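This report describes how the parts of one protein model are arranged. Please look through the sequence and the structure before reading on.

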Amino acid sequence: MRAPLRLAVAASAFLVAGVLPALPARAADLALTPPMGWNSWNKFGCDVSEKLIREAADAIVASGMKDAGYQYVVIDDCWQVKRDAQGKIVPDPERFASGMKALADYIHGKGLKFGIYSDAGTGTCEKRPGSKDHEEQDAKTYAEWGVDYLKYDWCNAEGQDTRESYAKMSRALRASGRPIVFSICEWGSTKPWAWAQGVGHLWRTTGDIVDCWDCNKDWGGLGVLHIIDLQADLHPFGGPGHWNDPDMLEIGNGGLNPAESRSHFSFWALFAAPLIAGNDLQKMSKETADVLTNREVIAVDQDPLGMQGRKVRDHGSQQVWMKPLADGSRAVILFNRGTLAADGNVAWEDIGLAPGQKATVRDLWKKADGGSFTGSFKGKVGPHDVLMLRVTPEF
Ligand code: GAL
């Protein structure tokens, strides 16, 4: 299966390259590791304001998240209210009274980057103006304001061609002269992993995440476990500058217990997913901050090789997942989907090591070396929990 899939990706990338101008050097260098930041939607929905965004930027710095690598501060839907007589998009004058340029300056002053949201259709999902037929004007406006990241949604786009609509905004962003990370959000509906490399830097692979472990919503929202399962076959498609995006993080929003929060973060890192926090950073508990800033797990996500991890062993409720890392080590997740503690076990041949190979095993949540092992490693894993390991061959 894997070789034909790769060929399909290469072929679609070639086709896309045929319709787009060459990437300016700076845009091509964007998102060489998965973007990290914060977005307002999961916790605050439409209740956004410049005060909230400034406070989020302050908290990213104060909490240590900036030092851990979080960079983009992204306002999701509802910042915009209308277009003016010239068609220029107008931010909510009460909630963003100082204007977007001032907000961008504030965020840049903290050493962070500024992200914004629009939609490829006539209106956003919350019925604010979309960018259809205003792509160039909007891209220029974003560049003037100092925007560094655009999330581009897919509501109210009936009858539009998905690829062409995203390619149009991609071209407009490139023509704006400012390097802007382009985040495609059509919920995986047209399998963007097969066409969006070269159009955007990341693309959503599923419907919206819901703050729960195992649930589905009738509007298409998905719990963390369901999203994990939907990533299993997508590992050939992610890489530097073009990432699969399983949606923003729900850690700290109340619906996941500590084990589930650890599992959520571990899997997003193993998937080389964008790490976009979605919680209230000002009221964040120490436990939540400790998960979001675990540097050894973040290093797996940000590994320069940029490979997405995959499932290598499936025993039903016990699974083994693995991501190869640039230094020759492997990130490994022993995953217990069950409701009782169980033994997890990884055999070296499942992660591409010879059975006689000696390797150091480090536990990335305990932040401790477990010693040197030959052939396999096993350990107790709590319900809905993971053991996340870094297995480094000894030579
Ligand atoms: C959805 C999107 C969410 C959020 C929301 C805003 O389509 O998937 O992440 O952006 O729209 O209305």
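A search of the whole structure finds 25 salt bridges, where a salt bridge is a side-chain nitrogen of Lys or Arg within 4 Å of a carboxyl oxygen of Asp or Glu. The model is predicted: local features need pLDDT of at least 70 and side-chain atom pairs count only at pLDDT 80 or more, while totals for chains, interfaces and linings use all residues. Residues are numbered from 1 along each chain as its sequence is written, and side-chain values use heavy atoms, with hydrogens and water left out.

Side chains of opposite charge can pair when their charged atoms come close.

| Lys or Arg | Asp or Glu | Closest N and O atoms |
|---|---|---|
| Lysine 151 | Aspartate 76 | 2.7 Å |
| Arginine 362 | Glutamate 296 | 2.7 Å |

The pair of lysine 151 and aspartate 76 links distant parts of the chain, 75 residues apart. Lysine 151 belongs to strand β6 (residues 149-153), and aspartate 76 to the loop between β2 (72-74) and β3 (80-83). Helices (H or I, at least four residues) and strands (E, at least two) are DSSP runs, numbered from the N terminus.

**The parallel sheet**

Strand β6 is one of eight strands that form an open sheet in the order β9-β8-β7-β6-β5-β2-β1-β10, with parallel pairing. Two strands count as paired if DSSP finds at least two bridges between them. At the edges are β9 (243-245) and β10 (275-277), each of which pairs on one side only. From one strand to the next the twist averages 25°; axes are lines fitted to C-alpha atoms, for helices over the stretch in contact, and angles run from 0 to 180 degrees between N-to-C directions. Three bridges join β10 to strand β1 (residues 36-39) in the parallel sense. Glycine 37 stands opposite isoleucine 276 in β10.

**The antiparallel sheet**

Six strands form an open sheet with antiparallel pairing, in the order β11-β12-β13-β18-β15-β16. Its edges are β11 (310-315) and β16 (368-374); each has a single partner strand, so one side of each is left without a neighbour in the sheet. Neighbouring strands of this sheet are turned by 25° against each other on average, direction ignored. Seven bridges pair strand β12 (residues 318-324) with strand β13 (residues 330-336) in the antiparallel sense. Tryptophan 321 stands opposite isoleucine 333 in β13. Helix α10 packs on the sheet and touches β11, β12, β13 and β18 (386-393), contact meaning heavy atoms within 4.5 Å. The direction of α10 makes about 35° with that of β18.

**Where the two domains meet**

An automatic or database domain assignment gives the bounds of domain 1 (25-301) and domain 2 (310-393). Their C-alpha centres lie 31 Å apart. The contact takes 24 residues from domain 1 and 18 residues from domain 2.

How much area is buried between domain 1 and domain 2? The value is about 2,000 Å², of which carbon and sulfur atoms give 67%; buried area is the accessible area (1.4 Å probe) that two parts lose on being put together, summed over both. In domain 1, Leu270, Glu296 and Val300 lose the most area to domain 2, together 30% of what that side buries.

Across this interface the rule finds three salt bridges. On the side of domain 1 that touches domain 2, α9 (224-230), α10 (258-270), α11 (286-292) and α12 (295-301) each supply at least two residues. The largest share of that side, nine residues, comes from α10.
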